[in-house]
Amino acid sequence: MTIQARDLRKRYGPVVAVDGLSFVARAGEVTGFVGPNGAGKSTTMRMLLGLDATDGGEALIAGRRYQTLREPARAVGALLDAEAVHPGRSGYHHLLWMAQYNGIGRRRVREVLDLVGLAAVGGQRVGGYSMGMRQRLGIAGALLGDPPVLILDEPVNGLDPEGIRWIRGFLRSLAGEGRTVLVSSHLMSELEDTADHLLVVGRGRLLADAPVEQLLTDASGGQVTVRTTARAEAVEALANAGATVAVGRPGTLTVGGLEAERIAAVLTAAGLPFSEIGRHRATLEEVYLDLTRFDGLESE
C-alpha cells in the first residue's frame with residue numbers, strides 16, 4: 001500500500017500552508033518527512049487522515065481517501081499527538097477503548113503493549129507516564145489494527161537515548177515487514193540511520209524527494225575530509241593551492257577542488273601535520289540545512 005499526495009493545497013485565511021504538494025511513500029520503506037516549523041508537515045498528515053479538508057488535490061491511502069476506507073484502523077495507523085490521552089485512564093484501558101471502538105479484540109491490546117515495551121506499566125494511569133512512555137503508548141495505538149500503513153508525527157519526541165535506539169530499530173522492522181512508514185522528525189541524525197527515502201518541504205512546497213543515500217552522495221560532492229592539528233595553517237596552504245576549504249569540528253577541514261593525493265602533497269610540502277585524509281561524507285543534517293536555506297527557509 002502507498003501513501004500519495006497529489007497536488008495537495010491548503011490555505012488558512014491569507015496563509016498558504018500546503019502549496020501543490022505531491023509525493024508517494026512506498027511499502028517496505030521508512031519515508032522521512034522533514035521541514036522547518038510551519039512548512040506544512042502536520043497539515044499534510046492531517047489531510048492524509050481526513051482530519052483537515054483539502055482546498056485542492058488528493059490525499060490517498062492505497063489509492064483511496066481515508067474517509068472511504070471501510071475499516072480505517074486496519075488500513076492505517078497514526079500518531080499525531082502523544083498527549084491526546086486521558087490522564088486518569090490506564091494505558092491498557094486507553095487502548096482497550098480504542099480497540100472496542102474499532103472492533104478489535106482485547107488480546108491485541110496486550111500484544112501491542114508488549115510490542116512497544118509497556119507491558120509492565122499497562123495498568124498504570126497515563127498521567128504518571130513520562131513523555132517517552134506516552135510516545136510508546138501512541139505507537140501502540142497506531143498498531144492496534146495491525147495496519148500496513150503507518151503515519152507518525154515526531155514519534156521520537158521525549159524519548160531517552162535508549163528509547164531513540166529502540167524506535168530506530170522498531171521502524172526499520174515495520175518497514176522490513178512490508179509496511180509503509182511515513183515519519184516526521186526534527187532529528188536528522190536519527191532519520192539518517194532510519195529512513196530509506198526523504199521528503200523535504202518548505203512553505204508547503206516540496207524541496208526534495210529522493211533516497212537518503214542519493215542525497216548524501218550528491219551533497220558529499222567529491223569533497224575530502226582532513227584532520228590536522230594545524231588547522232589555520234592548513235587552510236591557508238590549501239587555499240593557496242586552489243582549494244575551497246570549510247572549517248568543521250575542531251581539527252577537521254572539508255576540502256573541495258583538490259584530490260586527496262594533492263592535498264597530502266600540499267600539506268607535506270608545507271611541513272604541516274595531518275592524521276587523516278579521506279572522502280568526505282555529508283550528514284543528513286547538512287543536506288537538510290542546505291535545502292531549507294533555499295529561498296530563506298531556515299529552520300526555526
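Helices here are DSSP runs of H or I with at least four residues, strands are runs of E with at least two, and both are numbered from the N terminus. The model is predicted, so local features need pLDDT of at least 70 and side-chain atom pairs count only at pLDDT 80 or more, while totals for chains, interfaces and linings use all residues. Residues are numbered from 1 along each chain as its sequence is written, and side-chain values use heavy atoms, with hydrogens and water left out.

**Close-up 1. Welcome to the largest pocket, with a volume of about 740 Å³.** Its lining is made of 27 residues, and the closest to the centre are Tyr-66, Ala-78, Leu-79, Met-98 and Gly-141. Look for strand E5 (76-79), helix H3 (91-101) and helix H5 (131-143), the elements that each give two or more residues to this lining. H5 gives the most, with five residues. By class, the lining of the largest pocket holds 18 nonpolar residues, six polar and three charged. (A pocket is an open set of points on a 1 Å grid over the protein atoms alone, with protein on both sides within 12 Å along at least five of seven lines; lining residues have an atom within 4 Å of a point.)

**Close-up 2. Here is the second largest pocket, which holds about 390 Å³ of space.** Of its 19 lining residues, Thr-254, His-280, Arg-281, Ala-282 and Glu-286 are the closest to the centre. Which of them provides the largest share of the lining? That is E13, with three residues. The lining of the second largest pocket has eight polar residues, seven charged and four nonpolar.

**Close-up 3. Next comes the largest cavity, with a volume of about 60 Å³.** One cavity of 30 Å³ or more turns up in a search of the whole structure. (In a cavity, a 1.4 Å probe fits but cannot get out.) Around the largest cavity you will find Val-156, Ile-164, Ile-167, Arg-168, Leu-171, Val-183, Ser-185, Glu-190, Leu-191 and Thr-194. Helix H6 (161-176) and helix H7 (188-194) are the elements that give two or more residues to this lining. H6 supplies the largest share, four residues. The lining of the largest cavity divides into six nonpolar residues, two polar and two charged.

Notes
Grid points are joined across faces, edges and corners, and a volume is the space filled by probe spheres set on the points. Ala, Val, Leu, Ile, Met, Phe, Trp, Tyr, Cys and Pro count as nonpolar, Asp, Glu, Lys and Arg as charged, and the others, Gly among them, as polar.
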